[in-house]
Amino acid sequence: MLGATIVLTAAIAAVMVSIHWNGQRASTAAPKIDELLNVMIVISAFVFSLVMVVLFYALWKFRVKPGDESDGEPIHGNTRLEVAWTVIPTIIVLFGAGYSWAVLHDIEKTDPNPLTVDVFSQQFAWSFGYPGKDNAYSEGELHVPLDRQVHFKMHSLDVIHSFWVPEWRIKKDNVPGITTTAIVTPDRPGTYQLICTELCGFGHSTMRAKVVVERPAEFRAWVGGLEQQVPPPYLETIRQDTETDPIPVGAGGA
Ligand SMILES: [Cu+2]
């Protein structure tokens, strides 16, 4: 049975691991998260295979013979089996928790010179505030510099939304009344899509924004060309929620 379980695990895991579930990798966290996902896929494939093999073995081996109307044997527990099916899953879950914690700790390490960008979410749109006295502001389009850690400060103006750029692998809820932070270091230039992944109302599926990762000089020029400023009620949201970064774009080497 162990042989069949291992063969089935290998077959399922080979297919599942070869699929690129979240597209290209475009942040420093992406390879670490993919590795974590692959390990979890192998563990899940093993558990699934074990259950299937035991199930089908039992169906085949203990199938009632035609004409057999007798009762099954009375069974009153099996201590060894019960200890095993408690201890082994506990070890698997604790391993998964420890490994996930280590990856999270690693990808959320703060760089000495991060850029802070405010993210405003509302039904059904995204807008962004960039650091500096003028609070440059963009709607529906987010630009960030390449190879610099960005701290996204999330502010929801109504219900819970969720910030997700699949290629960065990072996902973070935007919760009204509090500020949540997502830490991302984009390491691949290009255009991506920011997607809301929290069912937030009628227009949820259309709640997207364009994301552009570009060289620092291009980023500075783009922010410099923004004409809008963060609307005062939004600034109030930031003040109520938490701090904002007073350092202008460019001053910190963006
Ligand atoms: Cu939504």
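Helices here are DSSP runs of H or I, at least four residues long, and they are numbered from the N terminus. With that in place, helix α1 is where A11 sits. This is a predicted model, so side-chain atom pairs count only at pLDDT 80 or more.

I will stay with A11 for a moment. Its relative accessible area is 42%, so A11 is partly exposed. From A11 to S49 the C-alpha to C-alpha distance is 9.8 Å, and the two are 38 residues apart in sequence.

Next, the largest pocket. Its volume is about 500 Å³. Which elements give two or more residues to the lining? They are α1, residues 2-18, α2, residues 30-61, and α3, residues 79-107. Helix α3 has the largest share, with 7 residues. In total, 16 residues line the pocket, and those nearest its centre are L50, A84, W85, I88 and P89. How does the lining divide by class? There are 15 nonpolar residues and 1 polar residue, and no charged ones.

Now the metal site. Which atoms coordinate the copper ion? The donors are SG of C196, O of E198, SG of C200 and ND1 of H204, at distances of 2.0 to 2.5 Å. Along the chain these donors follow the spacing C-x1-E-x1-C-x3-H. As for geometry, the angles among the 4 donor atoms run from 85 to 125°, and the site is tetrahedral. For reference, the ideal angle for four tetrahedral donors is 109.5 degrees. Two of the residues at this site, C200 and H204, are both buried.

That leaves the salt bridges. The count comes to 7, and I will go through some of them.

The pair to start with is R169 and D34, where the closest N and O atoms are 2.7 Å apart. R169 has 10% relative accessibility, so R169 counts as buried. D34 also has a relative accessible area of 10%, and D34 is therefore buried.

Another bridge joins E108 and K172, at 3.9 Å from N to O. Why does this pair tie together separate parts of the chain? Because E108 lies in the loop between α3 and β1 (115-122) while K172 is in strand β7, and these parts are 64 residues apart in sequence. On accessibility, E108 has a relative accessible area of 33% and is partly exposed. K172, at 26%, also counts as partly exposed.

One more pair is K109 with D106, and here the closest N and O atoms are 3.4 Å apart. D106 has a relative accessible area of 29%, so D106 is partly exposed.

Note on methods: Residues are numbered from 1 along each chain as its sequence is written. This is a predicted model: local features need pLDDT of at least 70, side-chain atom pairs count only at pLDDT 80 or more; totals for chains, interfaces and linings use all residues. Side-chain values use heavy atoms; hydrogens and water are left out. On a 1 Å grid over the protein atoms alone, a cavity is a set of points where a 1.4 Å probe fits but cannot get out, and a pocket is an open set with protein on both sides within 12 Å along at least five of seven lines; lining residues have an atom within 4 Å of a point. Grid points are joined across faces, edges and corners, and a volume is the space filled by probe spheres set on the points. Ala, Val, Leu, Ile, Met, Phe, Trp, Tyr, Cys and Pro count as nonpolar, Asp, Glu, Lys and Arg as charged, and the others, Gly among them, as polar. Donors are N, O and S atoms within 2.8 Å of the metal (3.2 Å for Na, K and Ca); water is not among the atoms, so sites may look incomplete. Four donors count as tetrahedral if all angles lie between 85 and 135 degrees; four count as square planar and six as octahedral if opposite donors are over 155 degrees apart and all others between 65 and 115; anything else is irregular. Buried means under 20% relative accessible area, exposed over 50%, partly exposed in between (1.4 Å probe, protein chains only). A salt bridge is a side-chain nitrogen of Lys or Arg within 4 Å of a carboxyl oxygen of Asp or Glu.
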